[in-house]
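Trainee: I'm new to this one, could you walk me through it?
Mentor: Gladly, have a look at it first.

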Amino acid sequence: MNKLNMTKVRLYMMAITYVLIAVLLVTSITFAWFTLTNNNKVSLVNQVSGVEAEYDFYVYNDPTHSGSSNLTLINNTTTNDEEYGKYLEILNPTSNILIPGYIAPGEVFSFAIAVQNVGSTNGNVSLSFSQVYSNNYSDADNKIQQAMGYEVTKISYLTEGFETEDYKDINNVDYINSHFSNETLPRYELVNSMSLNYLEYDTVVIYFNIYFDPHVYGTDPYGIPYTNSNIFMGQTFQINTINMVTAPE
């Protein structure tokens, strides 16, 4: 092989090496974004009682962070954190760190809250987020929370081992799919006044996702949108409280 060909081979091999290094660097950066944790470990679910109710809290156990497509609790729950592809029951949701580690744009986290009326009167239940924070941002307009979306994916009722179809798609249900604001808001409503009867369909299940929207990039000091999510790198996003409010019908 002549010197010219050898030079071409070396350049070709160097190009491949640089591409591989670049891919590795991008992968490392992509998954080193921020943590979603309950840092103060005070009250993840705060119940304000109006009717007598109990709840179970679930996180979809998915190491790929792809979200749940099997929206049911029937034969689909576990208490073993090494059993994947099911809803993991959080036995003490006021002290657990639910999502440790790092996530990247496009990743989805699925949850479910099952609320049961254990009293003797009909009522309703509402859910909302509060104490929503971003940390380590340089510009208030580029808080990571504005790139985080939340959506109600299903609302159903459980009774005697049977779960209904998606109730929100066949009834006039007040629920909200949105993004967190970069402003400081006291509450982010999720579901309002879902019926909670004590005789029939006494347990309502609200399924919802929290996701990192890959299409939100933030803006530069002149208000011009960036073309990627790098502005959010190194930030921390946290939701300290999910408020569950039950009230008489």
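Trainee: How should I read the numbers here?
Mentor: This is a predicted model, where local features need pLDDT of at least 70, side-chain atom pairs count only at pLDDT 80 or more, and totals for chains, interfaces and linings use all residues. Residues are numbered from 1 along each chain as its sequence is written, and side-chain values use heavy atoms, with hydrogens and water left out.

Trainee: What is the mean pLDDT of the protein?
Mentor: The mean is 79, and 78% of the residues reach 70 or more; pLDDT is the predictor's confidence in each residue, from 0 to 100.

Trainee: And which elements have the lowest and highest mean pLDDT?
Mentor: Strand E1 (residues 34-36) has the lowest, at 40, whereas strand E4 (residues 77-78) has the highest, at 97. Over residues 14-42 the pLDDT is below 50, although in the model this stretch has 61 contacts beyond near neighbours in sequence, a contact being heavy atoms within 4.5 Å.

Trainee: Why is strand E14 described as largely enclosed?
Mentor: Strand E14 (residues 203-212) is largely enclosed by the rest of the structure because 10 of its 10 residues are buried, where buried means under 20% relative accessible area, exposed over 50%, and partly exposed in between (1.4 Å probe, protein chains only). Both faces are covered, with Thr203 and Tyr207 among the buried residues on one side and Val204 and Phe208 among those on the other.

Trainee: Which strands does E14 pair with?
Mentor: Strand E7 (residues 108-117) pairs with E14 in the antiparallel sense over nine bridges, and Ala114 stands opposite Val205 in E14. Strand E9 (residues 148-159) also runs antiparallel to E14, joined by 10 bridges, with Met148 opposite Phe212; strands pair if DSSP finds at least two bridges between them.

Trainee: Changing topic, how many residues has the largest nonpolar core?
Mentor: That core has 41 residues, and those with the most contacts inside it are Phe129, Phe180, Val204 and Phe208. A nonpolar core is a set of buried Ala, Val, Leu, Ile, Met, Phe, Trp, Tyr and Cys residues joined through side-chain atoms within 4.5 Å. A second, separate core of 10 residues includes Tyr58, Tyr60, Tyr87 and Ala112.

Conventions
Helix = DSSP H or I, 4+ residues; strand = E, 2+ residues; numbered from the N terminus.
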